[in-house]
Amino acid sequence: MNTGSEKYLALSGGIGGAKLALGLQHCLDKSQLSIVANTGDDFEHLGLAISPDIDTLLYTLADLNNQELGWGRRDESWNFAEASKQIGLDTWFSLGDRDLAIHLYRSQRLREGANLSQIVEELCNRFKIQANIIPMSDSPVRTMVDTNIGTLPFQEYFVKNRCKPIVSEIRFDGIEKARPAQAFLECLDDSNLSAIIICPSNPFLSVNPILSLPSLKEKIKAVGKPVIVVSPIVQGNSIKGPTAKLMQELNLECSVETIANLYKDISSAIVIDNTDKSAINDIKSTGLEILSANIVMNSLQDKIGLANEVIDFSRSL
Ligand code: FO1
(Lines give C-alpha, C1' and ligand atoms only; values in the text may rest on other atoms or scores of the structure.)
Protein backbone atom coordinates (compact mmCIF):
# COMPACT_ATOMS: atom_id res chain seq x y z
CA MET A 1 0.00 0.00 0.00
CA ASN A 2 1.34 3.42 -0.96
CA THR A 3 1.10 5.86 1.91
CA GLY A 4 1.51 9.26 0.27
CA SER A 5 3.75 10.95 2.83
CA GLU A 6 6.63 8.48 2.38
CA LYS A 7 9.43 9.77 0.18
CA TYR A 8 12.19 7.81 -1.53
CA LEU A 9 15.51 8.93 -2.90
CA ALA A 10 17.22 6.73 -5.50
CA LEU A 11 20.84 7.08 -6.63
CA SER A 12 21.32 5.97 -10.21
CA GLY A 13 23.60 5.62 -13.19
CA GLY A 14 22.23 4.83 -16.65
CA ILE A 15 20.58 1.67 -17.95
CA GLY A 16 20.39 -0.62 -14.87
CA GLY A 17 19.44 2.18 -12.51
CA ALA A 18 16.83 3.56 -14.90
CA LYS A 19 15.07 0.18 -14.98
CA LEU A 20 14.49 0.24 -11.22
CA ALA A 21 13.65 3.95 -11.37
CA LEU A 22 10.89 3.13 -13.87
CA GLY A 23 9.52 0.48 -11.52
CA LEU A 24 9.59 2.96 -8.63
CA GLN A 25 7.82 5.56 -10.78
CA HIS A 26 4.95 3.09 -11.24
CA CYS A 27 4.65 2.55 -7.46
CA LEU A 28 4.98 6.14 -6.19
CA ASP A 29 3.59 9.62 -6.86
CA LYS A 30 5.79 12.37 -8.29
CA SER A 31 6.05 14.08 -4.89
CA GLN A 32 7.39 10.83 -3.39
CA LEU A 33 10.19 9.93 -5.79
CA SER A 34 13.48 11.72 -6.48
CA ILE A 35 16.26 10.16 -8.51
CA VAL A 36 19.77 11.55 -8.33
CA ALA A 37 21.75 10.90 -11.51
CA ASN A 38 25.48 10.42 -11.94
CA THR A 39 27.02 13.22 -13.99
CA GLY A 40 30.58 11.87 -14.03
CA ASP A 41 29.94 10.51 -17.56
CA ASP A 42 29.09 13.99 -18.86
CA PHE A 43 31.31 15.63 -21.44
CA GLU A 44 31.30 18.01 -24.38
CA HIS A 45 31.11 16.63 -27.90
CA LEU A 46 30.86 18.69 -31.10
CA GLY A 47 30.26 21.70 -28.86
CA LEU A 48 27.22 20.02 -27.26
CA ALA A 49 26.71 19.27 -23.55
CA ILE A 50 26.22 15.50 -23.20
CA SER A 51 24.70 13.99 -20.01
CA PRO A 52 24.22 10.28 -20.76
CA ASP A 53 22.85 9.05 -17.41
CA ILE A 54 20.44 11.96 -17.05
CA ASP A 55 19.16 11.38 -20.58
CA THR A 56 18.80 7.62 -20.07
CA LEU A 57 16.66 8.38 -17.00
CA LEU A 58 14.63 11.04 -18.84
CA TYR A 59 13.95 8.85 -21.86
CA THR A 60 13.22 5.73 -19.76
CA LEU A 61 10.80 7.49 -17.39
CA ALA A 62 9.12 9.23 -20.36
CA ASP A 63 8.81 5.87 -22.17
CA LEU A 64 10.88 7.20 -25.07
CA ASN A 65 14.02 5.10 -24.56
CA ASN A 66 15.77 2.99 -27.15
CA GLN A 67 15.67 -0.48 -25.61
CA GLU A 68 17.91 -2.09 -28.24
CA LEU A 69 20.82 0.33 -27.74
CA GLY A 70 20.21 0.98 -24.02
CA TRP A 71 20.86 4.70 -24.62
CA GLY A 72 19.27 7.37 -26.78
CA ARG A 73 15.74 7.56 -28.15
CA ARG A 74 13.34 5.04 -29.62
CA ASP A 75 12.51 5.18 -33.38
CA GLU A 76 15.84 6.90 -33.98
CA SER A 77 17.29 7.83 -37.38
CA TRP A 78 20.94 8.65 -38.05
CA ASN A 79 21.01 11.23 -40.87
CA PHE A 80 22.95 13.75 -38.75
CA ALA A 81 25.58 11.11 -37.84
CA GLU A 82 25.98 10.08 -41.50
CA ALA A 83 26.22 13.68 -42.71
CA SER A 84 28.74 14.42 -39.93
CA LYS A 85 30.91 11.52 -41.07
CA GLN A 86 30.76 12.74 -44.67
CA ILE A 87 32.35 16.06 -43.75
CA GLY A 88 34.91 14.56 -41.36
CA LEU A 89 33.41 15.45 -37.97
CA ASP A 90 34.30 13.26 -35.01
CA THR A 91 31.71 10.45 -35.05
CA TRP A 92 32.96 7.88 -32.53
CA PHE A 93 30.15 9.11 -30.26
CA SER A 94 26.86 8.86 -32.16
CA LEU A 95 24.04 11.32 -31.71
CA GLY A 96 20.76 10.28 -33.29
CA ASP A 97 18.51 12.79 -35.04
CA ARG A 98 15.85 12.77 -32.31
CA ASP A 99 18.45 12.66 -29.51
CA LEU A 100 20.05 15.78 -30.99
CA ALA A 101 17.11 17.90 -29.80
CA ILE A 102 17.79 17.36 -26.09
CA HIS A 103 21.48 18.16 -26.62
CA LEU A 104 20.70 21.40 -28.42
CA TYR A 105 18.22 22.33 -25.66
CA ARG A 106 20.66 21.61 -22.80
CA SER A 107 23.55 23.39 -24.55
CA GLN A 108 21.43 26.45 -25.33
CA ARG A 109 20.00 26.68 -21.80
CA LEU A 110 23.51 26.35 -20.30
CA ARG A 111 24.70 29.18 -22.56
CA GLU A 112 21.74 31.26 -21.33
CA GLY A 113 22.98 30.75 -17.75
CA ALA A 114 20.61 28.02 -16.53
CA ASN A 115 22.14 25.32 -14.34
CA LEU A 116 21.84 21.59 -15.04
CA SER A 117 19.25 21.08 -12.26
CA GLN A 118 16.93 23.70 -13.80
CA ILE A 119 17.37 22.23 -17.27
CA VAL A 120 16.59 18.69 -16.11
CA GLU A 121 13.52 19.93 -14.23
CA GLU A 122 12.33 21.71 -17.38
CA LEU A 123 12.80 18.53 -19.40
CA CYS A 124 10.98 16.44 -16.75
CA ASN A 125 8.06 18.84 -17.09
CA ARG A 126 8.18 18.83 -20.91
CA PHE A 127 8.16 15.01 -20.93
CA LYS A 128 5.51 14.92 -18.12
CA ILE A 129 7.73 12.61 -16.05
CA GLN A 130 6.14 11.50 -12.78
CA ALA A 131 9.35 11.69 -10.71
CA ASN A 132 12.00 14.29 -9.92
CA ILE A 133 15.31 13.68 -11.69
CA ILE A 134 18.17 15.59 -10.07
CA PRO A 135 21.77 15.82 -11.34
CA MET A 136 24.17 14.89 -8.52
CA SER A 137 25.77 18.32 -8.82
CA ASP A 138 25.55 21.49 -10.88
CA SER A 139 29.34 21.76 -10.94
CA PRO A 140 31.21 19.74 -13.56
CA VAL A 141 32.61 16.40 -12.33
CA ARG A 142 34.43 14.33 -14.94
CA THR A 143 35.27 10.66 -14.48
CA MET A 144 38.84 9.91 -15.61
CA VAL A 145 40.07 6.36 -16.06
CA ASP A 146 43.74 5.41 -15.58
CA THR A 147 44.44 2.50 -17.92
CA ASN A 148 47.27 0.54 -19.54
CA ILE A 149 47.05 2.93 -22.54
CA GLY A 150 47.05 6.08 -20.42
CA THR A 151 44.50 8.26 -18.67
CA LEU A 152 41.23 8.44 -20.60
CA PRO A 153 38.21 10.70 -20.11
CA PHE A 154 35.29 8.37 -19.32
CA GLN A 155 33.58 8.35 -22.74
CA GLU A 156 36.90 7.72 -24.51
CA TYR A 157 37.36 4.69 -22.26
CA PHE A 158 33.75 3.52 -22.52
CA VAL A 159 32.65 4.29 -26.08
CA LYS A 160 35.78 5.06 -28.15
CA ASN A 161 37.81 2.17 -26.69
CA ARG A 162 34.79 -0.05 -25.83
CA CYS A 163 36.02 -0.62 -22.23
CA LYS A 164 38.93 -2.69 -23.60
CA PRO A 165 41.81 -0.89 -21.79
CA ILE A 166 42.79 -2.39 -18.45
CA VAL A 167 41.79 -0.09 -15.62
CA SER A 168 44.07 0.64 -12.64
CA GLU A 169 42.28 3.62 -11.10
CA ILE A 170 39.16 5.74 -11.48
CA ARG A 171 39.18 9.41 -10.51
CA PHE A 172 36.57 12.15 -10.52
CA ASP A 173 38.02 15.45 -11.71
CA GLY A 174 36.35 18.45 -10.07
CA ILE A 175 34.84 16.43 -7.21
CA GLU A 176 36.57 18.42 -4.44
CA LYS A 177 34.90 21.65 -5.56
CA ALA A 178 31.54 20.10 -6.46
CA ARG A 179 28.58 20.67 -4.15
CA PRO A 180 25.63 18.26 -4.20
CA ALA A 181 22.75 19.86 -6.15
CA GLN A 182 20.44 21.94 -3.94
CA ALA A 183 17.44 19.64 -4.61
CA PHE A 184 19.59 16.62 -3.63
CA LEU A 185 20.44 18.27 -0.29
CA GLU A 186 16.77 19.15 0.24
CA CYS A 187 15.79 15.47 -0.27
CA LEU A 188 18.31 14.44 2.39
CA ASP A 189 16.93 17.08 4.78
CA ASP A 190 13.29 16.12 4.22
CA SER A 191 11.78 14.65 7.38
CA ASN A 192 9.44 12.54 5.21
CA LEU A 193 12.36 10.74 3.54
CA SER A 194 11.72 7.03 4.20
CA ALA A 195 14.70 5.37 2.52
CA ILE A 196 17.60 5.84 0.14
CA ILE A 197 17.84 3.26 -2.63
CA ILE A 198 21.14 2.63 -4.42
CA CYS A 199 20.05 1.34 -7.82
CA PRO A 200 21.76 -1.64 -9.51
CA SER A 201 24.29 0.60 -11.26
CA ASN A 202 28.05 0.21 -11.64
CA PRO A 203 29.48 0.88 -8.13
CA PHE A 204 32.76 2.32 -9.42
CA LEU A 205 31.65 4.33 -12.47
CA SER A 206 28.08 5.32 -11.62
CA VAL A 207 27.48 5.29 -7.86
CA ASN A 208 30.92 6.23 -6.56
CA PRO A 209 30.96 9.63 -8.32
CA ILE A 210 27.76 10.48 -6.40
CA LEU A 211 29.02 9.12 -3.07
CA SER A 212 32.36 10.91 -3.53
CA LEU A 213 30.78 14.37 -3.41
CA PRO A 214 32.28 16.23 -0.43
CA SER A 215 30.62 15.27 2.90
CA LEU A 216 27.90 13.28 1.14
CA LYS A 217 28.55 9.99 2.93
CA GLU A 218 28.38 11.79 6.29
CA LYS A 219 25.14 13.50 5.22
CA ILE A 220 23.58 10.17 4.18
CA LYS A 221 24.58 8.57 7.49
CA ALA A 222 23.14 11.55 9.38
CA VAL A 223 19.73 11.01 7.72
CA GLY A 224 19.42 7.87 9.85
CA LYS A 225 17.01 6.15 7.42
CA PRO A 226 17.48 2.78 5.68
CA VAL A 227 19.96 2.81 2.79
CA ILE A 228 19.23 -0.16 0.52
CA VAL A 229 21.63 -1.34 -2.17
CA VAL A 230 20.26 -3.37 -5.05
CA SER A 231 23.11 -5.57 -6.29
CA PRO A 232 24.34 -4.97 -9.86
CA ILE A 233 25.91 -8.45 -9.72
CA VAL A 234 23.98 -11.70 -10.22
CA GLN A 235 25.69 -15.09 -10.06
CA GLY A 236 29.18 -13.62 -10.33
CA ASN A 237 28.44 -11.49 -13.36
CA SER A 238 27.26 -7.96 -14.07
CA ILE A 239 23.66 -7.70 -15.18
CA LYS A 240 24.78 -5.13 -17.78
CA GLY A 241 27.97 -3.30 -18.73
CA PRO A 242 31.60 -3.60 -17.65
CA THR A 243 31.23 -4.05 -13.86
CA ALA A 244 32.54 -7.64 -13.86
CA LYS A 245 35.55 -6.81 -16.08
CA LEU A 246 36.36 -3.78 -13.94
CA MET A 247 36.15 -5.75 -10.70
CA GLN A 248 38.61 -8.27 -12.07
CA GLU A 249 41.02 -5.50 -13.06
CA LEU A 250 40.70 -3.88 -9.64
CA ASN A 251 41.52 -7.28 -8.07
CA LEU A 252 38.06 -7.73 -6.58
CA GLU A 253 36.10 -10.96 -6.70
CA CYS A 254 32.98 -10.43 -8.81
CA SER A 255 30.31 -11.49 -6.32
CA VAL A 256 27.40 -10.17 -4.28
CA GLU A 257 29.62 -10.59 -1.19
CA THR A 258 32.04 -8.01 -2.67
CA ILE A 259 29.13 -5.65 -3.38
CA ALA A 260 27.97 -6.02 0.24
CA ASN A 261 31.48 -5.26 1.49
CA LEU A 262 31.86 -2.25 -0.83
CA TYR A 263 28.68 -0.66 0.54
CA LYS A 264 28.58 -1.91 4.13
CA ASP A 265 29.75 1.40 5.62
CA ILE A 266 27.13 3.50 3.89
CA SER A 267 24.15 1.12 3.72
CA SER A 268 21.93 -0.85 6.06
CA ALA A 269 20.56 -3.46 3.67
CA ILE A 270 21.16 -5.25 0.40
CA VAL A 271 18.85 -6.84 -2.16
CA ILE A 272 20.39 -9.82 -3.93
CA ASP A 273 19.00 -12.12 -6.61
CA ASN A 274 17.10 -15.27 -5.67
CA THR A 275 19.79 -17.27 -7.48
CA ASP A 276 22.42 -15.90 -5.08
CA LYS A 277 20.72 -17.10 -1.88
CA SER A 278 23.74 -19.28 -1.09
CA ALA A 279 25.69 -16.06 -0.37
CA ILE A 280 23.33 -15.00 2.45
CA ASN A 281 25.41 -16.55 5.26
CA ASP A 282 28.60 -14.82 4.07
CA ILE A 283 26.84 -11.47 3.66
CA LYS A 284 25.39 -11.67 7.18
CA SER A 285 28.86 -10.98 8.59
CA THR A 286 28.73 -7.47 7.06
CA GLY A 287 25.80 -6.67 9.35
CA LEU A 288 23.56 -5.78 6.39
CA GLU A 289 19.91 -6.86 6.34
CA ILE A 290 19.31 -9.06 3.29
CA LEU A 291 16.39 -9.52 0.92
CA SER A 292 16.49 -11.94 -1.98
CA ALA A 293 14.26 -11.17 -4.95
CA ASN A 294 14.18 -11.39 -8.73
CA ILE A 295 16.52 -8.48 -9.51
CA VAL A 296 16.97 -9.20 -13.23
CA MET A 297 14.47 -6.75 -14.69
CA ASN A 298 13.49 -7.82 -18.20
CA SER A 299 9.81 -6.88 -18.35
CA LEU A 300 7.94 -3.88 -16.98
CA GLN A 301 6.29 -6.27 -14.51
CA ASP A 302 9.79 -7.30 -13.27
CA LYS A 303 10.65 -3.63 -12.70
CA ILE A 304 7.43 -2.85 -10.84
CA GLY A 305 7.70 -6.11 -8.87
CA LEU A 306 11.25 -5.33 -7.69
CA ALA A 307 10.34 -1.72 -6.87
CA ASN A 308 7.43 -2.92 -4.72
CA GLU A 309 9.64 -5.44 -2.94
CA VAL A 310 12.33 -2.83 -2.24
CA ILE A 311 9.71 -0.41 -0.86
CA ASP A 312 8.14 -3.12 1.35
CA PHE A 313 11.62 -4.18 2.52
CA SER A 314 12.48 -0.56 3.46
CA ARG A 315 9.33 -0.42 5.63
CA SER A 316 10.46 -3.54 7.51
CA LEU A 317 13.89 -2.07 8.41
N1 FO1 B 1 27.22 4.55 -26.12
C2 FO1 B 1 27.88 3.89 -27.09
O3 FO1 B 1 28.33 2.77 -26.85
N4 FO1 B 1 28.11 4.49 -28.33
C5 FO1 B 1 27.63 5.71 -28.63
O6 FO1 B 1 27.85 6.20 -29.74
C7 FO1 B 1 26.87 6.41 -27.62
C8 FO1 B 1 26.30 7.64 -27.88
C9 FO1 B 1 25.51 8.25 -26.89
C10 FO1 B 1 24.87 9.45 -27.15
C11 FO1 B 1 24.10 10.06 -26.18
C12 FO1 B 1 23.96 9.46 -24.93
O13 FO1 B 1 23.22 10.05 -23.98
C14 FO1 B 1 24.58 8.26 -24.64
C15 FO1 B 1 25.36 7.63 -25.63
N16 FO1 B 1 25.99 6.42 -25.38
C17 FO1 B 1 26.71 5.78 -26.36
C18 FO1 B 1 25.85 5.75 -24.09
C19 FO1 B 1 26.75 6.26 -22.99
O20 FO1 B 1 27.87 6.90 -23.38
C21 FO1 B 1 27.10 5.20 -21.94
O22 FO1 B 1 26.26 4.09 -21.98
C23 FO1 B 1 26.99 5.77 -20.56
O24 FO1 B 1 27.76 6.90 -20.36
C25 FO1 B 1 27.30 4.73 -19.48
O26 FO1 B 1 26.34 4.87 -18.51
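Strands here are DSSP runs of E of at least two residues and helices are runs of H or I of at least four, numbered from the N terminus, while two strands pair if DSSP finds at least two bridges between them. This is a predicted model, in which local features need pLDDT of at least 70 and side-chain atom pairs count only at pLDDT 80 or more, whereas totals for chains, interfaces and linings use all residues. Residues are numbered from 1 along each chain as its sequence is written, and side-chain values use heavy atoms, with hydrogens and water left out.

The open sheet of three strands has the order β7-β6-β8, with antiparallel pairing. Its edge strands, each pairing on one side only, are β7 (150-153) and β8 (167-173). Neighbouring strands of this sheet are turned by 25° against each other on average, direction ignored. Axes are lines fitted to C-alpha atoms, for helices over the stretch in contact (heavy atoms within 4.5 Å), and angles run from 0 to 180 degrees between N-to-C directions. Helix α8 lies across β6 and β8.

| Elements | Angle |
|---|---|
| α8 (residues 203-211) and β8 | about 30° |
| α1 (residues 15-27) and α2 (residues 52-61) | about 35° |

The axes of α1 and α2 are 9 Å apart. Their contact is made by Ile15, Ala18, Ala21, Leu22 and Gln25 of α1 and by Thr56, Leu57, Thr60 and Leu61 of α2.

Valine 36 is found in strand β2 (residues 33-37), and it counts as buried because its relative accessibility is 0%, where buried means under 20% relative accessible area, exposed over 50% and partly exposed in between, with a 1.4 Å probe and protein chains only. Leaving aside neighbours within four places in sequence, valine 36 is in contact with residues including Leu9, Leu11, Ile134, Met136, Phe184 and Ile210.

In helix α13 (residues 300-316), the 17 residues should span 24 Å at 1.5 Å a residue, and the end C-alpha atoms are 25 Å apart, which agrees; the expected span is 1.5 Å times one less than the number of residues. The buried residues of α13 are Lys303, Ile304, Leu306, Ala307, Val310, Ile311, Phe313 and Ser314. These buried residues pack against β1 (7-12), α1, β9 (193-198), β10 (227-230), β13 (269-273) and β14 (289-293).
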